[in-house]
Amino acid sequence: MVDQKSFTSSKIAHEAAKVFGDKVKPISIEMQYCQEVGTFLKKVESAHQRAENSQLLFK
Amino acid sequence: MNDHRLIPSLDFISFPTASPFSCFDFIKDRFDETESIHRCFSIARSRGLSCITVETIQPVGLVADENHEITSLYPDYSMQSLVRLGFWTCEFENDRKPAAKDAKHFIGYAICKKDSTSTRMDWHVFEAVFPKYNHPHNCVPNTKSYAVTIGDNEFRVTGIIYCQQNVLNKSCAQVALRSLLSRRLIDGDIAYSKINKIARNNATTPDWKPTEGLSPKQIRAILRSFDIPFRDIDYCEEEKTNSHIRHEIPYQKYIYAGVESGAGALLGFRFDGPAAGDSKHIIPFFGHTFNKDTWVPDADMSYFNIGGSVGYIPSESWTSSFIGHDDNFGPNFCVPRVYVKPSQADYVIELLPDQYEYGGLQAEASALPLIYSMMPLLCSSTNTWMQRMGQCGASNSQRIVLRALAVSKETYLIHLQELTDWNNNQENSNILDFLPERLPKELWVVEVSVPHLFPANQHKMGEIVLNPLIPFNSSNPNDYDRFILARLPSRYFFINEVKEGQPKFTYLESQLTSHTSLLTC
């Protein structure tokens, strides 16, 4: 059974370079907003974890 | 778990519904004017109802299971009546029963039950299935085909099963769960006794009764018992430390993501008005309506800011209503997207497809750094559509539309294969041959578009493809292992390596050089 986490972009990139040769080219992209997005993602995930403590009741 | 739908009936009678027949009188005479049953008739009437078939059936399968459970809770319980209704767009001459040739006239069905204890006697809809309203902007993904016997033959209807509470062994929460779970469980349905058994094991008091309803803890336990992943939020809990949470993470985001992924969502809310009290209700959502002329996105009121001046326009902005069931009033209602005020929405849970580790809102947010980091590159591109996307995504406007879809690898690959861009180009077959063995079996596909293109053409610039099977890690929230590829006009982008926390990219030319159609629901 193949580990689904092993399908990564770098693996595709390396194999694409083997298959497509010099058609695969490097490009510079300077990452922005990672901190802001990371903060938001953690907020969403933390809220999900804390929902375990919920005292709500629906009927 | 189909026995109760397929059991032969004890009797059969049909009623033509043309004037002077009155659904009002019929429901008053036979069903005590039960609102949810009337809703079923109304849906059928709007679909061209010509005839109703009425059959008495014996309790078997899930109905028998329910009766057994109710008796254990209420020893004086008795089932007074169990009726299977069929709704048709044709009449059956000379009281004949429907034949196989009548299948195209079958609208839907309802199984209605009259329960009695010493303190109450009520009709309710044990279950009903009607297809969605037949309009291209009425989107209900992942419907299921249900087989039901009417007369001597089996007929099928496709939809999302509707169930009503009976204040005996099921409240709004149990029926809401059954609506969403029935279409994805391997057994094809779920017994309330099973739901309640799990709920009882996770109740805060040992004498918990089903009519007390379910807590999020019990709902979560039920979902976990079936290995159904989810993402939820209790706004009342979060408000203790963040008074802005309802605005920062709106409940509509969870509902829309759950609906678009085909798994659905539950919204728990409190009623409004002076007589509302503390009672809370929970209902399932499984669809939405699309309105390309919605004013909101252009009015800047739909810009979703995730913090630190970073945001986007979610595709949900063009949703006018969510489609769901209200167990008190009936199936297939359109609830305006903003009808339930944020102050009333206390709990929302987005169900995820099997094995998904994070939700649609997180997928959309995860795509943002790459999209906006590309803006300088896009603005300087010779490709017109890349330039347009760069202009829309400039830091002072950020008018990028995102739509996150949970799809299988196969669905995505077929989509890529079938894509034709506005210049009638199709993708390079070498790339289509290369990708299949290199993608995980499931994907979050975050489609990227711009205003006007998204609502008018229902087109996109491309997509960011993420691996949904990698768990979220708080110490590395922007885990680049989740990123698979980005496809934009004329190029695919990959992360070649990550050095000192910074990704290094490579690209490959795509033959799709302009905008393309969206993945359809």
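Predicted model: local features only at pLDDT ≥ 70, side-chain atom pairs only at ≥ 80, totals over all residues.
User: OK, so in what order do the elements of chain A run?
Analyst: Starting at the N terminus, chain A goes α-β-α, and its secondary structure amounts to two helices and one strand.

User: What radius of gyration does chain A have?
Analyst: Chain A has 20 Å, whereas a compact globule of 59 residues would be near 10 Å; the radius is taken over C-alpha atoms, and the globule rule is 2.2 Å times the number of residues to the power 0.38. The C-alpha atoms of chain A fill a box of roughly 60 × 35 × 15 Å along the principal axes.

User: And how much of chain A is buried?
Analyst: Of its 59 residues, 44% are buried, meaning under 20% relative accessible area with a 1.4 Å probe and protein chains only (over 50% is exposed, and in between is partly exposed).

User: Switching to chain B, how many helices and strands does chain B have?
Analyst: Chain B has 16 helices and 24 strands. Its radius of gyration is 25 Å, close to the 24 Å from the globule rule for 521 residues, so chain B is as compact as a globular protein of that length. The box filled by the C-alpha atoms of chain B, taken along the principal axes, is roughly 75 × 55 × 45 Å, and 62% of the 521 residues in this chain count as buried.

User: What about contacts in chain B between residues at least 6 apart in sequence: what share join residues at least 24 apart?
Analyst: That share is 70%, where a contact means heavy atoms within 4.5 Å.

User: Can we zoom in on one residue? Where is B:I43 found?
Analyst: B:I43 sits in helix α3 of chain B, which covers residues 35-46.

User: Is B:I43 buried or exposed?
Analyst: B:I43 counts as buried because its relative accessible area is 4%.

User: Which residues does B:I43 touch?
Analyst: Leaving aside residues up to four places away in sequence, B:I43 touches B:F130, B:P331 and B:N332. As for B:G330, the C-alpha atoms of B:I43 and B:G330 are 9.6 Å apart in space, although the two residues are 287 residues apart in sequence.

Terms used
Residues numbered from 1 in each chain as written. Chains lettered and ligands numbered in written order. Heavy atoms only, no water. Helix = DSSP H or I, 4+ residues; strand = E, 2+ residues; numbered from the N terminus.
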